[in-house]
Amino acid sequence: MTAFEPIHGQPYDAVPYRPDRMAADESVTRSAELRRRMDERRTVRMFSADPVPEQAVLDAIAVASTAPSGAHQQPWTFCLVTDPDVRRQLREAAEEEEQISYDGRLGDEWLTALRPIGTDAVKPHLTDAPYLIVVFQQRYYLDENGEKRKHYYVDESVGIAVGMLLTALHLAGLSALTHTPSPMRFLGELLGRPRNEKAFAVIPVGYPARDCVVPNLTRKSLDQVLVRI
Ligand SMILES: Cc1cc2nc3c(=O)[nH]c(=O)nc-3n(C[C@H](O)[C@H](O)[C@H](O)COP(=O)(O)O)c2cc1C
């Protein structure tokens, strides 16, 4: 396999882009269906151990990797973790940090914001869900001379990619959780990631447990989030 060559410093080159134009009514039919499907997505914290098709997970990661990114630098790595030993270590390390957080590190305001979500320091999804995707952002890269090269809009790019990942998983009939343990340094250490990578989120993937419940939340309506000018 050829290593990926970043396009830093290469000259501009253009190719034609002429996707078929969709009929207006077809666009609306599809957008309405997507809106309905996506409104069904919920963050799941109680997973079944039932196996899920690995190809669907790989396809979702491939979808995420089509995301737009600042200067097309694609500053992401998706670490797919299935090894039970590693998963156990991740859970131990995460729960240790979370315990400190819930015992006070988060502060009253944060803990109050979390109350309706019902979360605590116990993180069974780290060992229960069949797949764990740990997303890393590449803060910079090293060029062919070993020189550090800046990546632009890393947070925004990786955030968009994760949004696409969650969408792809949901549309493939799978459930996920966006877990952001804080601090996250232990993830890079346990998974042996290079220095330029910083953990962004831990995403367990699987089917909901039979007795799964989710917090009863309402979403803002279109009117509440849309400003027309
Ligand atoms: C950036 C981000 C970080 C999150 N971190 C956590 C987390 O650490 N633990 C957790 O249980 N849920 C986490 N969530 C999930 C949110 O609590 C969840 O998306 C929200 O309550 C809305 O629920 P829904 O996804 O079912 O619509 C996170 C979500 C986002 C977008």
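A residue is called buried if 20 or more other C-beta atoms lie within 10 Å of its own, exposed if 12 or fewer, and partly exposed in between. The model to which this scale is applied here is a predicted one. His-72 has 11 other C-beta atoms within 10 Å and is therefore exposed. Its place is the loop between H2 and E1.

**Exposure of selected residues**

Ala-71 is found in that loop between H2 and E1 as well. Ser-27 belongs to helix H1, which covers residues 24-39, whereas Ile-7 lies in the segment before H1. Tyr-153 is located in the loop between strand E4 (148-150) and H6.

| Residue | Other C-beta atoms within 10 Å | Class |
|---|---|---|
| Ser-27 | 11 C-beta atoms | exposed |
| His-72 | 11 C-beta atoms | exposed |
| Ala-71 | 14 C-beta atoms | partly exposed |
| Tyr-153 | 15 C-beta atoms | partly exposed |

Ser-27 counts as exposed because 11 other C-beta atoms lie within 10 Å of its own. For Ala-71 the count is 14, so this residue is partly exposed. In the protein chain as a whole, buried residues account for 24% of the 229 residues.

**Overall fold**

The protein chain contains eight helices and six strands. Their order along the sequence is α-α-β-α-α-α-β-β-β-α-β-α-β-α. Of the contacts between residues at least 6 apart in sequence, 83% join residues at least 24 apart.

Several C-alpha separations give a sense of scale. Ile-7 and Arg-88, 81 residues apart in sequence, are 39 Å apart in space. Ser-27 and Tyr-152 are 125 residues apart along the chain, with 33 Å between their C-alpha atoms. For Tyr-153 and His-8, 145 residues apart along the chain, the C-alpha separation is 15 Å.

In soluble globular proteins, nonpolar side chains tend to be buried together. The largest nonpolar core of this model has 37 residues, and those touching the most other members are Ile-133, Val-135, Val-162, Leu-165, Ile-203 and Val-205. Two or more residues of this core come from each of helix H2 (54-64), strand E1 (76-81), helix H3 (84-105), strand E2 (131-138), helix H6 (154-171) and strand E6 (197-206). H6 supplies the largest share, with eight residues.

Which residues does Leu-165 touch, not counting those up to four places away in sequence? They are Ala-60, Ile-61, Val-63, Ala-64 and Ile-203.

Helices H2 and H6 also pack against each other, at an angle of about 145° and with their axes 8 Å apart. The crossing of H2 past H6 is right-handed. On the H2 side the contact is made by Asp-59, Ala-60, Ile-61, Val-63 and Ala-64, and on the H6 side by Ala-161, Val-162, Met-164, Leu-165, Ala-168 and Leu-169. By class, these contact residues comprise 10 nonpolar, no polar and one charged.

**Ligand surroundings**

The residues around the ligand are Arg-42, Thr-43, Arg-45, Ile-117, Thr-119, Leu-177, Thr-178, His-179, Thr-180, Val-214 and Leu-217. This shell consists of four nonpolar, five polar and two charged residues.

**Backbone features**

Most residues other than glycine have a negative phi, and most peptide bonds are trans. Ala-71, although not a glycine, has a positive phi of about 55°. His-72 is likewise not a glycine and has a positive phi of about 50°. Both residues belong to the loop between H2 and E1.

A cis peptide bond, with omega about 0°, links Ser-182 to Pro-183. Pro-183 is part of the loop between strand E5 (175-176) and helix H7 (185-190).

Technical notes: Residues are numbered from 1 along each chain as its sequence is written. This is a predicted model: local features need pLDDT of at least 70, side-chain atom pairs count only at pLDDT 80 or more; totals for chains, interfaces and linings use all residues. Helices (H or I, at least four residues) and strands (E, at least two) are DSSP runs, numbered from the N terminus. Two residues are in contact if their C-beta atoms, placed from the backbone, lie within 7 Å. A residue is near a molecule or strand if its C-beta atom, placed from the backbone, lies within 6 Å of it. Ala, Val, Leu, Ile, Met, Phe, Trp, Tyr, Cys and Pro count as nonpolar, Asp, Glu, Lys and Arg as charged, and the others, Gly among them, as polar. A nonpolar core is a set of buried Ala, Val, Leu, Ile, Met, Phe, Trp, Tyr and Cys residues joined through C-beta atoms within 7 Å. Axes are lines fitted to C-alpha atoms, for helices over the stretch in contact, and angles run from 0 to 180 degrees between N-to-C directions. A crossing is left-handed if the near helix is turned anticlockwise from the far one by less than a right angle, and right-handed if clockwise.
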